[in-house]
Amino acid sequence: MAMPRTPLIAANWKMNAAPSGFGSIESPYRSTDRVDVVVFPTALGLASCIAEKLATGAQCARPEEEGAFTGDIGMRMIRALGCEYVLCGHSERRRYHGETDAFVAEQARAALALELQPVVCVGETEEERNAGKEKEVIERQMAVLPANIIIAYEPVWAIGTGKTATPEQAQEMHAFIRSLLPEDLRASTRILYGGSMNAANAESLLIQPDIDGGLIGGASLKKEEFRGIVEIAGRE
Ligand code: PGA
């Protein structure tokens, strides 16, 4: 059966400057014939990525249209700027900004209403996995989410630690996540893996039937490393 899902490789630059040359013609941060590539710069970097015609998303945005939310930006504002995507519920947002499952779902719904594509992060902590609760956690995080989203499975213990989930562990969780989706969306929903993905381990992960791409942090700041991942994702 042909794969109905175009691979998506996303660069999450977190609180780092955009890599030099990100907007050049031969930039690895541009989509290719076979792979959708998206960048998530800081809020200050959005406009220049959009000006360079990269598919761009914000790392977070509030669902409200406007109001007394000092320091925040809203979904409508990033949409007006030209963002096509938005990350929702990254574990660093959940951890440092107290974002709850309900708030993450609200962000995803607000994004969809504006035709922004939400990439919603889910994932268990090391403690939860050691307690055998990883599926329970994912089920809880997924229960409130709207349909028609892109999901990023990011085990918290694998983010920025160099400790990648094994391809088997990741595939098991991706298949589980897919089983939680409404039946009519199972074949078309993209589920990305995130957590210390790099050019050396990308192939073993991306070859798994339920892994449709990656959300890349550290390795996305290194242009050639990132190019390698995009190339691997584009292989048949
Ligand atoms: P990492 O980050 O690739 O540095 O582990 C992934 C992420 O947090 O999205």
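## Strands, helices and cysteines

In E7, Tyr 193 is the bridge partner of Tyr 153. Please keep in mind throughout that this is a predicted model.

That pair belongs to the link between strand E6 (residues 150–153) and strand E7 (residues 191–194), which run parallel and are joined by 3 bridges. Helix H7 (residues 167–180) packs on the sheet here, where it touches strand E5 (117–122), E6 and E7. The direction of H7 makes about 145° with that of E7.

Stepping back to the whole sheet, 8 strands make it up, in the order E2-E1-E8-E7-E6-E5-E4-E3. The sheet is open and its pairing is parallel. Which strands stand at the edges? They are strand E2 (36–40) and strand E3 (57–58); each has a single partner strand, so one side of each is left without a neighbour in the sheet.

Helix H9 (residues 223–234) lies across strand E1 (8–12), E2 and strand E8 (213–216), and it runs at about 165° to E1.

Buried in helix H6 (residues 134–143) are Glu 134, Val 137, Ile 138, Gln 141 and Met 142. Why do these five sit on the same side of H6? They cover an arc of only 125° around the axis. Glu 136 and Ala 143, on the other side of H6, are exposed. The partners that the buried residues of H6 pack against are helix H3 (91–96), helix H4 (101–113), E5, helix H5 (126–130), E6 and H7.

Finally, the cysteines. How many disulfides are there? The count comes to 0 disulfides, with a pair of sulfurs needing to lie within 2.5 Å to qualify. The table gives two of the sulfur distances.

| Cysteine | Closest cysteine sulfur | Distance |
|---|---|---|
| Cys 49 | in Cys 83 | 9.0 Å |
| Cys 60 | in Cys 88 | 9.2 Å |

Cys 49 counts as buried because its relative accessibility is 0%.

Conventions: Residues numbered from 1 in each chain as written. Predicted model: local features only at pLDDT ≥ 70, side-chain atom pairs only at ≥ 80, totals over all residues. Heavy atoms only, no water. Buried < 20%, exposed > 50% of the residue type's maximum accessible area, 1.4 Å probe, protein only. Pairing = 2+ DSSP bridges. Helix = DSSP H or I, 4+ residues; strand = E, 2+ residues; numbered from the N terminus. Contact = heavy atoms within 4.5 Å. Axes fitted to C-alpha atoms, helices over the stretch in contact; angles between N-to-C directions. Arc of directions from axis to C-beta.
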